[in-house]
Amino acid sequence: MWMPLQSMAEEAGQNWKTHCSKCHGADGKGKTKAGIKLKLKDYTTAEFQESITDKELFAATKDGVKDGEKVKMKPFAEKLSDEEIEALVGHVRSFLE
Ligand code: HEC
């Protein structure tokens, strides 16, 4: 569905809050209770932002993250559309300070 950029960004912010902030934090720093336990990376750093491509951000969100057979993060392929995931990639990029 076509949407103006502004509302796509708003929707991405909302989706981040609903689906991601519990672990990765509202601010993307990963300093939530779960995030600290999971040793999540700080998405506001240039170090993180430079370490990962848009394609990898998209794939991690859509297909989840695995360490061998162990699921580190569940896939969101069934909860979010490709368009929503695309917008979330943009949201993750916006955390850079
Ligand atoms: C239940 C906790 C949890 C939730 C909810 C969660 N994640 Fe994750 N996420 C993780 C863990 C754990 C990893 C793996 C970190 C690692 O490599 O050790 C991860 C990794 C990632 C990565 C790969 C880069 C990295 O940090 O290693 C991306 C991108 C990502 N998450 C985005 C998202 C997005 C977008 C959402 C919401 C749609 C989301 N996550 C929701 C726990 C979570």
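Modeller: Let us start with a definition: six donors count as octahedral if opposite donors are over 155 degrees apart and all others between 65 and 115. Donors are N, O and S atoms within 2.8 Å of the metal (3.2 Å for Na, K and Ca), and water is not among the atoms, so sites may look incomplete. This is a predicted model, in which local features need pLDDT of at least 70 and side-chain atom pairs count only at pLDDT 80 or more, whereas totals for chains, interfaces and linings use all residues. Residues are numbered from 1 along each chain as its sequence is written, and side-chain values use heavy atoms, with hydrogens and water left out.

Biologist: What makes the site of the iron atom of the ligand octahedral?

Modeller: The iron atom has six donor atoms, with angles of 87 to 179 degrees among them, and the site is therefore classed as octahedral. Ideal angles for six octahedral donors are 90 or 180 degrees.

Biologist: Which residues coordinate the iron atom of the ligand?

Modeller: His 24, through NE2, and Met 73, through SD, coordinate the iron at 2.0 Å. His 24 belongs to helix H1 (residues 5-24) and Met 73 to strand E2 (residues 70-73), so the pair ties together parts 49 residues apart in sequence. Helices (H or I, at least four residues) and strands (E, at least two) are DSSP runs, numbered from the N terminus.

Biologist: Why is His 24 called buried, and why is Met 73 called partly exposed?

Modeller: Buried means under 20% relative accessible area, exposed over 50%, and partly exposed in between (1.4 Å probe, protein chains only). His 24 has 10%, so His 24 is buried; Met 73 has 22%, so Met 73 is partly exposed.

Biologist: How do you know that Ile 85 is buried?

Modeller: Its relative accessibility is 0%, so Ile 85 counts as buried. Ile 85 lies in helix H5, and its C-alpha atom is separated by 7.0 Å from that of Lys 62, 23 residues apart along the chain.

Biologist: What makes a set of residues a nonpolar core, and which residues have the most contacts inside the largest one?

Modeller: Such a core is a set of buried Ala, Val, Leu, Ile, Met, Phe, Trp, Tyr and Cys residues joined through side-chain atoms within 4.5 Å. The largest has 13 residues, and those with the most contacts inside it include Trp 16, Tyr 43 and Phe 48. Helix H5 gives the most to this core, with four residues.

Terms used. Four donors count as tetrahedral if all angles lie between 85 and 135 degrees; four count as square planar and six as octahedral if opposite donors are over 155 degrees apart and all others between 65 and 115; anything else is irregular.
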